[in-house]
Number of protein chains: 2
Amino acid sequence: MKNEQLVHFSPPFAVFFGDIASEVYGKTGLGLVQWRRSECVGQVRLPGCGVDAGVPDLDVAGAVAAGARTLIIGSAAVGGGIPGSWVAILADAARAGLDIVAGLHVRLATLPGLAPAAEAGGARLIDVRVPPAGLPVGTGRKRTGQRVLTVGTDCACGKKYTALALAQELKARGVAATFRATGQTGIMIAGSGMPIDAVVADFVTGAAEVLSPDNAPDHWDVIEGQGALFHPGYLQVTVGLLVGSQPDAFVVCHDPLRKTISGWPQFPLPSLRDVIDRTVALGRLTNPAIRCVGVALNTSKVPAAERGALIARHASETGLPCVDPLVEGMGAVAAQLLAGSGA
Amino acid sequence: MKNEQLVHFSPPFAVFFGDIASEVYGKTGLGLVQWRRSECVGQVRLPGCGVDAGVPDLDVAGAVAAGARTLIIGSAAVGGGIPGSWVAILADAARAGLDIVAGLHVRLATLPGLAPAAEAGGARLIDVRVPPAGLPVGTGRKRTGQRVLTVGTDCACGKKYTALALAQELKARGVAATFRATGQTGIMIAGSGMPIDAVVADFVTGAAEVLSPDNAPDHWDVIEGQGALFHPGYLQVTVGLLVGSQPDAFVVCHDPLRKTISGWPQFPLPSLRDVIDRTVALGRLTNPAIRCVGVALNTSKVPAAERGALIARHASETGLPCVDPLVEGMGAVAAQLLAGSGA
C-alpha cells in the first residue's frame, strides 16, 4: 500500500557509492544492502572507491539491464558537496529513466544538468530530507492497529537498528509488521517514510500520524525514533513524534558507555528509568495504555567479560527484557510486546 | 539592539486595513495600535472598511508625509487571499519606499507586481511567518539575564496579552524588560521576533535561544508562549520553546470556562497543577531553578458576580498570585517575579 503523503520510491535498486574512500561515508548504502539485499541489483562505483557492499558491480547501462528502477546515492561526499564526476553519472542514470534518491543537504534538482536529464528520462529526483507538502496538524485521533516506537537516552544509540530488527523479528514470527522510517537512512532502507526532523514545527505530530495510518487490528507499525526526550537540542522532535505516533509500546535504546549527551557534554545522560517515566508521562496524552517492553543496549564497545553482567543489571533495574539486538536479537522484546505486558 | 537573526522592521508605522468589514479580521492591526499607538502615524483604509483603530486616516502619500517607514497589513482578507485592489495600493506604498509587513499565508513577493515595486522603491517585503535562514540547533548553554515565559492550558488563552502586559508592568516599575514575540501578531506589535511554529522541527530550541540572547544580569526577557504542553497537535512547539527559552519563571494562562482543548473536543483541558508540574519537569532540563510566579485568567465571559470567587479559588489552589491582566493588571505577578519566589 503506497501512501502518497510519504516520501517513497520503488525497488529494484542500484546503490551508488561514487569514489568515497572509506565506509564511514557509505553507511547509508551499506545499510540498504544489509536490509534489502534481495532488491539490490548491484552497486555503481567509480575508480578509487574504497567501499564494497558485496553486490555486483554495474555501470548505469548494466543497472538498467539488471532491472533497476531506482539509483540510490548511498554515500556522502567528503565535505558534503557533490563532485562534478558524480553529477555526470547521476544525469546519465536519470536520462536512462532511473529515479534518483538522495539524502543530501543540497537538493538534487539544483545540481547542474540533473533536472533536464530527469525530465528527458521521465525519472524522479527524490530528496529524502524534504518532507511532503500539505502535511496536516496532529489530531490526536485514536487510529486502528498497533504501534511500537523506539526511544533513546540520546541520539545515535541504536533506535533505527532496533526498530528494523524488531520489525524483522515480528515478521519472522508471522506477525504483520511494517518498519516506519523517520530519518534519511531509514527512509532509504524502507523505500518510504517521513523525514520528521525536517518538518515544520507545527506539523510534527501530524506528520507522525501520516506515517503510521489506520491499519489492521493485529498489525504492528514499528516506528524509528528520533532525538531523545532529555536532549536540549532535539527533544521537540522526539516529543512530537511520540505524541503523533500514539504508541502502544516502546523500546528504550541505550549506549551504556555514554555518560553525557553526545556533543552536549554539560548534559548528563538520563537514566533508563527517567526516560521510561518521561516517555510514559508524555505518551499517555494520546495513548493511556503506553508501556515499555524492553531495553536495547549497544554493547559493541563493552569488554566481552562484562557484557553478561551489564545486560543482567539493566534487565534487573527495569524489570524488562534487555538485549543487544546485534547479539541476542529482538526475540525477548518481541515476546514481551506480543504478550501485552510491560512496565 | 537589532538582532539580525530575527525577523524585524522599524517604526513609524502606518496600518493597512483594506476593506475588511469586521474587527474579527483586523485583530493584528488593532493590537498594534493598542500597544504602540505613539509609533503609528495613521491607518490606511479602503471604501467599505468596517474597522477603525482611532488613528488618523491616511493614503499612501499621506503616510509617507507623516514619516511612516513601514506599512503593516493589519488585517486578513476573508478567505485568506489578497484582493487585487489591495495589491495595487501595497505596490504604491512599496514604490514610495515603505517596507511592507504581512503575516499572510501567501508570501508578499509572489503577489503580482509587488516585488518589482519594492525593488523600485528600495523597500523590503517582510513576511513575519517566514523564519530567518541559518537558525542553529539548540545548545542548552546557560545565558546571562533573566527570562519569563507565558504558558497555557490551551492555545488562544491569553499568552501574548499576558506577556505584553507583564513587560509593560515591569518597565513601569523601572525594571529593564523586553517583550519577545513568537507569533505573527506579537511580532508585528514588537517589530521583531521569531515565528516559532514555522521553524523546521530540528531548530526550534535553537530559534528560541536566538530569540532571547545573553543580556544584562537584571534584564528580563518576557517571552510570548505558543501552543500548550497538553495539546495533541502543537505540544512539540511548546516544548521546544520552553527548553530553548530556559526560563527562570513562567506564568500560566487559562480560560476558566473551557473544558476541553479548543478544536480538539476529545481532549480535556489539563488542570493548572498539571500544567505547572509538567512545565517545571521539562523546563528543568535547561534551568533547574524554573518556577511558576502566577496565573493569568481570562475572565471576560465570567459573570461579574462570580469573578471574585473564581480568582480567589485559583489563587488558593496554586498558592500563587492570580489575576485577569485586563482587570487586575500584572502587578501582583510582577511582584512575585521580582521577589524571586514561586511555586
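This is a predicted model: local features need pLDDT of at least 70, side-chain atom pairs count only at pLDDT 80 or more; totals for chains, interfaces and linings use all residues.
Me: Why is β11(B) largely enclosed by the rest of the structure?

Reply: A residue is buried here if 20 or more other C-beta atoms lie within 10 Å of its own. By that count the strand is largely enclosed, because its buried residues number 6 of 6.

Me: Turning to chain A, which strands stand at the edges of its open sheet of 6 strands?

Reply: The strand order is β8-β10-β7-β11-β14-β15, with parallel pairing. Two of these strands have a single partner each, so one side of each is left without a neighbour in the sheet. The edge strands are β8 (177-180) and β15 (322-323) of chain A.

Me: Which residue is the bridge partner of Ala296(A) in β15(A)?

Reply: β14(A), residues 291-297, pairs with β15(A) in the parallel sense over 2 bridges. In β15(A), the partner of Ala296(A) is Val323(A).

Me: Back in chain B, how far apart are the end C-alpha atoms of helix α9?

Reply: This helix covers residues 272-283, which is 12 residues.

Me: Which elements do the buried residues of α9(B) pack against?

Reply: The buried residues of α9(B) include Leu272(B), Val275(B), Ile276(B), Thr279(B) and Leu282(B), and Arg278(B) is also one of them. An α-helix has 3.6 residues a turn, so residues three or four places apart point the same way. The packing partners, in chain B, are β7 (146-152), α8, β11 (249-254), β14 (291-297) and α10 (304-318).

Me: Which element gives the largest share of the side of chain B that touches chain A?

Reply: Here 28 residues of chain B are in contact with 28 residues of chain A. The elements giving two or more residues to the chain B side are α7 (204-211), α8 (235-245) and β13 (264-268). The chain B side divides into 17 nonpolar, 9 polar and 2 charged residues. With 6 residues, the largest share comes from α8(B).

Me: What kind of axis relates the two copies?

Reply: Chain B can be laid on chain A with an RMSD of 0.1 Å by a turn of 180 degrees and a shift of 0.0 Å along the axis. The copies are thus related as by a two-fold rotation axis. They meet through the same surface, because 100% of the interface residues of chain B are also interface residues in chain A. The kind of axis is two-fold.

Me: Within chain A, which element gives the largest share of the side of domain 1 that touches domain 2?

Reply: The domain assignment gives domain 1 (7-127) and domain 2 (146-339), with centres separated by 29 Å over C-alpha atoms. Of domain 1, 14 residues are in contact with 11 residues of domain 2. β1 (7-8) and α1 (27-36) of chain A are the elements that give two or more residues to the domain 1 side. The largest share, 6 residues, comes from α1(A).

Note on methods: Residues are numbered from 1 along each chain as its sequence is written. Chains are lettered from A and ligands numbered from 1 in the order in which they are written. Two residues are in contact if their C-beta atoms, placed from the backbone, lie within 7 Å. Helices (H or I, at least four residues) and strands (E, at least two) are DSSP runs, numbered from the N terminus. Ala, Val, Leu, Ile, Met, Phe, Trp, Tyr, Cys and Pro count as nonpolar, Asp, Glu, Lys and Arg as charged, and the others, Gly among them, as polar. Domain bounds come from an automatic or database domain assignment. Copies are superposed by least squares on the C-alpha atoms of residues with pLDDT of at least 70 in both. The expected span of a helix is 1.5 Å times one less than its number of residues. A residue is buried if 20 or more other C-beta atoms lie within 10 Å of its own, exposed if 12 or fewer, and partly exposed in between; C-beta atoms are placed from the backbone. Two strands pair if DSSP finds at least two bridges between them.
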